Amino acid sequence: MSAFLSWRRGLHSANAFARRRPVLVSAVVTCVKAWAADLMIQKLVEKREAVDVRRSALFASFGLCYQGFFQYWMYNILYERVLFPGRGVRNTVAKIAATNIISDPVFFFPCFYSMREVLVTGASAEVAVPAGLHKYAENYWQDWLSSWAIWVPTHCVTYTVVPPHLRMPWIAAVSF
């Protein structure tokens, strides 16, 4: 019983901290998630002997900048406070639709494909971005269908159950 109460106090403290510092928590959690996911892929899936530090740093930076800051702003400020405030059915459906029909296809996938092209080719942004966008154009429909299969139900939970200060940790956990 004492361990449970201690665990509960710890969760309460973590939640209180996230409520006070939601952007910091978003940035740290998404940065660490992206870094850890890449390390896991390198070591367990690709079975690399040595970690590609440059690649891990790029993924960590992507997690920090795109997911930690940009997505936090988009989901918690733009969608939640400006465009579709509240948890009414209409605004919740609008947030889910905007996330899956605008945010991911227009922002996430182009950024991801461009970053991936830089990693794979080592080319400069001038070369990598157009090449990445070309690959995205070839794969977009399958990418969207795969994304929607996961993120439409996930964002039903994101926008109805998860409080705004815990949205990015929730999204990071699912995306891991």
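Is valine 28 buried, exposed or partly exposed? Select valine 28: with a relative accessible area of 45%, this residue is partly exposed (buried is under 20%, exposed over 50%, partly exposed in between, with a 1.4 Å probe and protein chains only). Before you go on, note that this is a predicted model, where local features need pLDDT of at least 70, side-chain atom pairs count only at pLDDT 80 or more, and totals for chains, interfaces and linings use all residues. Numbering runs from 1 along each chain as its sequence is written, and side-chain values use heavy atoms, leaving out hydrogens and water.

Valine 28 sits in helix H2 (helices are DSSP runs of H or I with at least four residues, numbered from the N terminus). Helix H2, residues 22–45, gives the largest share, 4 residues.

Next, click lysine 47, in the loop between H2 and H3. Lysine 47 is exposed, at 62% relative accessible area, and its phi is near 55°, a positive value in a residue other than glycine.

Finally, go to glutamine 71, where a kink of about 30° in H3 is centred (the bend is the angle between axes fitted to the seven residues ending there and the seven starting there).

Notes
Helix = DSSP H or I, 4+ residues; strand = E, 2+ residues; numbered from the N terminus.
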